[in-house]
Amino acid sequence: DFPDARFDAVYALSCLLHVPKADLSTALLEIKRVMAPGGLFFIGVYGGVEQDGPWEDDKHVPRRHFALYLDDQITKIAGSYFILRDFRTIALPESKRSGIHYQRLILQKEAD
């Protein structure tokens with residue numbers, strides 16, 4: 001219920017990875033709507049592999065949804081809504097899941 005262009009900056013730290021892939025565009029459009037022109041958007045998510053659903057060994061009840069993207073996929077998706085200012089990956093020490101790393105994106109909403 002936030003008004004349009006309300007926020008100069010938005011961050012999503014380890015939360016968008018729980019949005020099913022079919023719903024990500026809806027979430028990004030809503031974030032874009034509430035951002036001021038020229039506003040910054042920080043995303044931090046786990047990725048590096050493709051995943052869209054719960055992990056078999058997730059001990060949380062109910063099991064959590066995990067939507068993970070390859071690096072080129074997440075940058076392409078985010079870049080279709082925002083200007084991609086920076087993308088970096090961060091290696092995870094001793095990750096239980098092969099190929100997973102942390103993805104950090106700095107995005108910007110186009111100025112009017």
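**View 1. Charged side chains of the predicted model.** In this predicted model, the protein carries 14 positive and 16 negative side chains.

**View 2. The surface of the protein.** Here we turn to what the protein exposes to a probe. The accessible surface comes to about 7,000 Å², and carbon and sulfur atoms account for 55% of that area. Buried residues, for their part, make up 36% of the 112 residues.

**View 3. Helices and strands in order.** Two helices and six strands are there to find in the protein. Along the principal axes, the C-alpha atoms fill a box of roughly 45 × 30 × 20 Å.

**View 4. The largest nonpolar core.** This core has 25 residues, and those with the most contacts inside it are Leu16, Leu28, Phe41, Ile43, Phe82 and Leu107. At least two core residues come from each of β1 (7-13), α1 (24-34), β2 (35-47), β4 (66-68), α2 (71-79) and β6 (101-108). In soluble globular proteins, nonpolar side chains tend to be buried together.

**View 5. Leu107 and its partners.** Setting aside neighbours within four places in sequence, Leu107 is in contact with Gly39, Leu40, Phe41, Ile43, Ala78, Phe82, Ile83, Leu84 and Arg85. Across the protein, among contacts between residues at least 6 apart in sequence, 66% join residues at least 24 apart.

Key. Residues numbered from 1 in each chain as written. Predicted model: local features only at pLDDT ≥ 70, side-chain atom pairs only at ≥ 80, totals over all residues. Heavy atoms only, no water. Core = buried A, V, L, I, M, F, W, Y, C linked by side-chain atoms within 4.5 Å. Buried < 20%, exposed > 50% of the residue type's maximum accessible area, 1.4 Å probe, protein only. Helix = DSSP H or I, 4+ residues; strand = E, 2+ residues; numbered from the N terminus. Contact = heavy atoms within 4.5 Å. Areas by Shrake-Rupley, 256 points an atom, 1.4 Å probe, with all protein chains shown as cover. Lys, Arg positive; Asp, Glu negative; His and termini not counted. Charge placed at Lys NZ, Arg CZ, Asp CG, Glu CD.
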